[in-house]
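Here is a short report on one protein chain.

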Amino acid sequence: MLSIVIVYEAVSWSIGYRIKIQHVANEGGILPYISKFFRSIIIPESITVYITFSLINFYHRLRHISTIDNSWRAIGRYELKFLPVFLIAFLFFNPVTQTVRFFLEQYQGYTINEYVNGYILYTFTWLMYFKYLFPVLLIGYSALNISLLKDYLKQRKEAQEKAEADAAEASQKYLELSETFSPKPTVPSKYLSYLKGKGNQGEFDFPVNEAYYFTVEERAYYAETIKERYMVNKTINELEAELDPTQFFRIKRDYIVNRQAVLHYSYWENGKYIVTLNNPGHHEIIVPRVRMQEFREWLQGRDSAGKPEPANAL
């Protein structure tokens with residue numbers, strides 16, 4: 001209603017600028033004109049909107065409407081139920097709206113005759129009824145559909161999060177929990193087995209299977225191992241290409257994790273997960289949903305011999 005009034009006022013100024021200027025002059029200036037606009041239109045019609053919304057809420061409670069089926073037919077029947085409410089809303093809000101308008105416009109001198117004849121009896125006409133009918137139908141059905149859309153989006157988000165949480169829980173039932181890091185023994189392989197790293201005691205060739213994870217920080221590449229953190233001279237892209245894909249997985253852009261180092265994972269928020277490693281500090285990595293599905297499949301994957309690969313997840 002208020003938006004309709006404001007749009008109507010803006011259109012009136014655009015097509016009847018001279019007439020509006022005359023009205024401003026008759027009121028004594030722009031400030032008195034704005035004051036009258038609020039007293040005669042904005043505030044009274046706010047009451048109209050409030051009562052209309054109150055009738056909608058009351059009708060929900062009266063008919064015990066709490067849920068509707070997610071179908072066009074059910075939504076159509078639901079909205080059709082409110083048509084009688086909007087058709088008789090005028091009888092409820094008009095006396096209140098006009099009373100508020102009377103007190104705001106005639107505050108310098110109230111008379112009962114002016115109130116009854118000018119604001120009550122005068123407004124209970126078919127002309128006034130149909131003048132209000134379209135705006136009431138517009139704001140009423142707009143409110144209903146906005147409410148339906150908000151509820152739908154909220155329920156969809158809740159259902160999606162629940163489904164993701166349930167999927168994570170179901171997947172974890174097939175995974176074994178390992179509280180200690182047990183690196184696989186190094187055996188001859190076509191994949192990278194040893195990697196040169198620079199630690200506190202100098203350079204050292206360490207078995208890649210002893211690494212919990214590889215990461216990049218400030219353009220430097222590191223391997224977090226059982227003994228210490230080593231700076232390595234291979235990029236994440238190079239490591240991803242050279243490491244055994246059944247043992248190492250690039251869980252996000254800046255992390256490659258060892259299968260044996262995965263302790264558990266859990267749903268976090270906004271479709272993201274937290275993967276916890278079983279290194280001494282239980283390092284946590286936040287993983288987006290799009291990557292998590294492939295990670296779960298990798299954890300439950302099989303090695304080249306076709307045997308189930310142990311996976312350390314909760």
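The model is predicted: local features need pLDDT of at least 70, side-chain atom pairs count only at pLDDT 80 or more, and totals for chains, interfaces and linings use all residues. Residues are numbered from 1 along each chain as its sequence is written, and side-chain values use heavy atoms, with hydrogens and water left out.

A pocket here is an open set of points on a 1 Å grid over the protein atoms alone, where a 1.4 Å probe fits, with protein on both sides within 12 Å along at least five of seven lines; lining residues have an atom within 4 Å of a point. Its volume is the space filled by probe spheres set on the points. For the second largest pocket that volume is about 600 Å³. Helix 7 gives the most to the lining, with 9 residues. Helices are DSSP runs of H or I with at least four residues; strands are runs of E with at least two.

The lining splits by class as follows (Gly counts as polar).

| Class in the lining of the second largest pocket | Count |
|---|---|
| Nonpolar | 12 residues |
| Polar | 8 residues |

The chain has 9 helices and 10 strands. Of its 314 residues, 38% count as buried, meaning under 20% relative accessible area with a 1.4 Å probe, protein chains only.

A nonpolar core is a set of buried Ala, Val, Leu, Ile, Met, Phe, Trp, Tyr and Cys residues joined through side-chain atoms within 4.5 Å. The largest has 21 residues; Tyr78, Phe82, Phe86, Phe90, Phe93 and Leu144 have the most contacts inside it. Helix 7 gives the most to this core, with 8 residues. Another core lies apart from it, with 18 residues, among them Tyr213, Ile251, Tyr265 and Trp298.

Contact means heavy atoms within 4.5 Å. Beyond its neighbours within four places in sequence, Phe82 touches Ile56, Tyr59, His60, Ile65, Tyr141 and Leu144.

Ile256 is found in strand 7 (residues 255-258). Is Ile256 buried or exposed? Ile256 is buried, at a relative accessible area of 1%. Its contacts, leaving aside neighbours within four places in sequence, include Tyr213, Phe214, Ile236 and Leu239.

Terms used:
Buried < 20%, exposed > 50% of the residue type's maximum accessible area, 1.4 Å probe, protein only.
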